[in-house]
Structure formats: C-alpha cells, structure tokens
Amino acid sequence: MEPQTRQHDTPARPPFRFALPDRLRAALAELRRTQATCDDVAPGAVTLSLGMLAGYLTPDGRVIAQDAFAGGPPYEVADEREACFLVACGADDRAAPELLGLLPPRPPGAAGCRWCGGQGRERGTGWPCFECGSLGWVRREAEQSVAPDPRLKAAGGR
Ligand SMILES: [Zn+2]
C-alpha cells in the first residue's frame with residue numbers, strides 16, 4: 001500500500017532553463033530597456049506577458065510565472081511546455097519573434113498536439129496553445145491531457 005503522505009510530499013521540480021544564445025541576450029537587453037521594470041518579481045528579467053498568466057524570462061534562462069487564475073506567489077516554471085507557452089506569448093505580446101528561436105525543435109517520435117491540430121496555435125483565437133506550449137507537438141502521446149488546461153481560458157484573457 002502506498003504511504004498516505006506520498007502525494008503530498010512531491011518534491012519541488014527544478015526550474016526549466018532555456019539556453020540563451022548570445023545574439024538573443026542582446027535582443028533581450030534591448031527589449032528590457034523598453035519595458036517597465038519587473039525587478040520586483042524577477043530581477044534582471046524581461047517581461048514576456050502580463051495579465052492572468054504573467055511570465056518573465058530571467059537572464060539565466062529561467063521563466064518566472066505568476067498565475068492570477070490559480071492565485072499564489074510567482075513561481076519558477078518547471079514544466080517545459082509552460083515555459084515554451086510563456087515564451088510564445090512573449091513573442092506575440094512584445095512583438096519579439098526572435099524569442100521563438102528558444103523553442104526546441106520537434107524530436108523524432110513526438111506526437112502532434114490534439115488540441116491545436118499540431119499548429120501550436122489555438123483554433124479560432126490564434127493564441128499560443130497552452131497544451132503543447134505552442135510547439136504543436138508533445139514529447140509523448142501520454143503527456144496530453146484528457147481536457148484542456150483551464151489556464152487555456154485564463155491565458156486567453158491576458
Ligand atoms: Zn497545441
């Protein structure tokens with residue numbers, strides 16, 4: 001029998017981290033100069049998106065998020081797809097398509113995202129797809145949820 005406490009003792013996952021190429025660092029520094037500071041939430045970071053699901057990209061490639069839909073303090077994003085989603089939102093919201101260069105290439109064996117039909121964009125709205133992180137694919141078919149994440153709607157309201 002599983003110990004009762006197990007589900008409550010899940011250790012914190014390490015933050016997901018993008019490798020930032022030098023040319024993007026320069027673009028990020030420039031983007032940061034044009035923004036209101038977000039140093040109170042994520043020191044040195046660039047604001048990717050604001051609103052229901054706010055996202056910030058730190059100089060060392062971590063993504064800090066604040067989910068007004070679920071509440072709670074800002075957190076380091078551990079999930080690759082959530083990190084990619086926020087980067088895609090940033091590319092849209094900040095008119096910074098160079099951010100999309102951070103998104104990983106589709107690996108062999110990946111499954112097409114069933115929620116966006118592999119487009120990486122929600123049908124109808126054109127917003128980044130939360131289910132696949134706007135990638136259009138997931139690493140394993142089993143990663144797909146049976147129902148869209150409620151933050152799909154939250155993020156859509158940003
Ligand atoms: Zn998708």
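Which residue stands opposite Val63 in E3? Leu57 does.

**View 1. The predicted model as a whole.** The model is predicted: local features need pLDDT of at least 70, side-chain atom pairs count only at pLDDT 80 or more, and totals for chains, interfaces and linings use all residues. Residues are numbered from 1 along each chain as its sequence is written. The protein has three helices and six strands. Helices (H or I, at least four residues) and strands (E, at least two) are DSSP runs, numbered from the N terminus. Their order from the N terminus is α-β-β-β-β-α-β-β-α. Of the 158 residues, 32% count as buried (20 or more other C-beta atoms within 10 Å of a residue's own, with C-beta atoms placed from the backbone).

**View 2. The open sheet.** Four strands line up as E1-E2-E3-E4, with antiparallel pairing. Strands pair if DSSP finds at least two bridges between them. E1 and E4 (75-76) stand at the edges, each with a single partner strand, so one side of each is left without a neighbour in the sheet. Five bridges join E2 to E3.

**View 3. The hairpin of E1 and E2.** Strand E1 (residues 46-49) and strand E2 (residues 53-57) run antiparallel, joined by three bridges. Thr47 has Tyr56 in E2 as its bridge partner. Three residues lie between the strands, and Gly51 takes a positive phi near 105°.

**View 4. Helix H2.** H2 spans residues 80-93, 14 residues in total. From first C-alpha to last it reaches 20 Å, close to the 20 Å expected at 1.5 Å a residue (1.5 Å times one less than the number of residues). Of its 14 residues, 12 are buried, among them Phe85, Leu86 and Val87. Ala95 follows H2 and has a positive phi, near 50°.

**View 5. The largest nonpolar core.** This core has 35 residues. Such a core is a set of buried Ala, Val, Leu, Ile, Met, Phe, Trp, Tyr and Cys residues joined through C-beta atoms within 7 Å. Tyr56, Leu57, Val63, Leu86 and Val87 have the most contacts inside it. Helix H1 (22-33), E1, E2, strand E3 (63-67) and H2 each give two or more residues. H2 gives the largest share, eight residues.

**View 6. Around Val63.** Not counting residues up to four places away in sequence, Val63 touches Phe16, Gly55, Tyr56, Leu57, Val77, Ala83 and Leu86. Contact means C-beta atoms, placed from the backbone, within 7 Å.

Note on methods
Two residues are in contact if their C-beta atoms, placed from the backbone, lie within 7 Å.
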